[in-house]
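Hi there,

Here is the structure I promised to hand over. Have a look first, and my notes follow below.

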Amino acid sequence: MVNKEWIDKGCIDEPVEQGLNLKQEIRRMCKEKDAIILAHYYTVGEIQEIADFVGDSLALARKAAETDAKVMVMCGVHFMAETCKLLSPEKTVICPDLTAGCSLADSCKAEDLKKFKDEHPGYKVVSYVNTTAAVKALTDCVVTSGNAKKVIDTFPKDEKIIFGPDYNLGNYINSVTGRQMLLWNGGCHVHEKFSVDAIVRLKAEHPDAVVMAHLECKAPVLAVADVKGSTATMLTYAQQSDKQEFIVATEAGILHELERTCPDKRFYPVPPEMSEGVGCSCNECEYMKKNTLLKIYNSLRYGWPTVEVDPAIARDAVKPIEKMLSLS
């Protein structure tokens with residue numbers, strides 16, 4: 001039974017008996033309960049290793065829409081679990097820690113977006129997937145960093161578009177399409193920390209390295225990047241490239257898959273830029289890191305925390321996601 005203490009914390013971190021093989025038990029319970037584990041590239045390596053499927057936001061959404069499993073354990077952040085529930089409302093969707101939020105999603109509240117829409121009649125709303133279900137319900141089409149340009153290109157050139165909440169992604173799409181979308185002033189607290197100075201320092205140490213940057217990074221960072229794109233874009237490039245060294249400007253969790261699939265290559269994470277000029281060796285999302293093997297084990301054991309979406313919101317929120325998937 002789930003107790004009040006766990007409900008207040010949004011997760012179950014109950015200790016287990018010493019020596020219990022969590023990875024083995026998680027896989028056993030997945031088979032027993034007809035469950036699959038979906039993990040984002042930004043989770044820790046040991047979670048990616050026990051997941052049934054690892055991917056970026058677009059790939060995870062596709063998997064959620066097509067799986068036959070009765071239970072999905074979404075190891076990422078809360079909006080990703082919501083997306084799973086929207087696409088498979090009949091399934092049980094578990095989020096190992098309900099407090100695993102997203103600074104980008106938090107930067108755009110549904111009530112604020114509604115007000116902005118009302119102030120700009122005649123505009124279509126295109127929202128980044130990093131948003132709550134309530135925001136998606138106010139949206140005409142959802143995009144990810146991997147398909148944003150492709151989706152935007154399907155709109156007429158003269159279409160009036162509000163794009164949010166990631167300002168940097170929207171600014172990049174404007175720059176490569178020549179559009180003038182109205183941009184919501186939101187951002188990811190991880191990708192906002194990357195700076196040109198940090199990349200220049202790494203480039204001086206590794207002059208032959210390819211610079212890869214996520215589209216949530218600021219324009220000056222993207223300007224010095226050799227490869228600009230989603231996590232999947234960076235992975236594919238590194239796997240197919242004959243280059244041996246890469247400077248990586250995105251959340252450090254991606255290094256696990258990069259190093260696993262490219263063992264003969266070297267990857268250097270760009271550190272966050274600190275005000276005092278001293279940064280750590282990598283840039284991590286503390287929300288993604290709230291996912292742990294212990295929480296996954298307990299969530300499967302107790303069947304909680306589950307994610308639900310108000311049916312009235314879900315009815316409208318699923319439409320822009322399905323539109324994105326059809327266009328992608």
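Please keep in mind that this is a predicted model. The largest nonpolar core has 100 residues, and the members that touch the most others in it are Ile26, Ile37 and Ile296. Helix α5 is the top contributor to this core, giving six residues. There is also a second, separate core, made up of nine residues, with Cys108, Leu113, Val125 and Trp184 among them. As background, nonpolar side chains in soluble globular proteins tend to be buried together.

Setting aside residues within four places in sequence, its contacts are Ile26, Ile37, Ile47, Ile50, Val73, Cys75 and Pro96.

Next, a charged residue to look at. Helix α5 spans residues 78–87 and contains glutamate 82. Glutamate 82 is buried, yet it forms no salt bridge. Lysine 136 is the nearest side chain of opposite charge, at 5.6 Å, and a salt bridge would need a side-chain nitrogen within 4 Å of a carboxyl oxygen. What does glutamate 82 touch, not counting residues up to four places away in sequence? The answer is Thr132, Ala133, Val307 and Val309.

Finally, threonine 236 sits in helix α13, which covers residues 231–240. Threonine 236 is partly exposed, and its relative accessible area is 35%. Its C-alpha atom is 10.0 Å from that of threonine 261, which is 25 residues away along the chain.

Enjoy exploring, and write back with any questions.

Best wishes

Terms used: Residues numbered from 1 in each chain as written. Predicted model: local features only at pLDDT ≥ 70, side-chain atom pairs only at ≥ 80, totals over all residues. Heavy atoms only, no water. Helix = DSSP H or I, 4+ residues; strand = E, 2+ residues; numbered from the N terminus. Buried < 20%, exposed > 50% of the residue type's maximum accessible area, 1.4 Å probe, protein only. Lys, Arg positive; Asp, Glu negative; His and termini not counted. Contact = heavy atoms within 4.5 Å. Core = buried A, V, L, I, M, F, W, Y, C linked by side-chain atoms within 4.5 Å.
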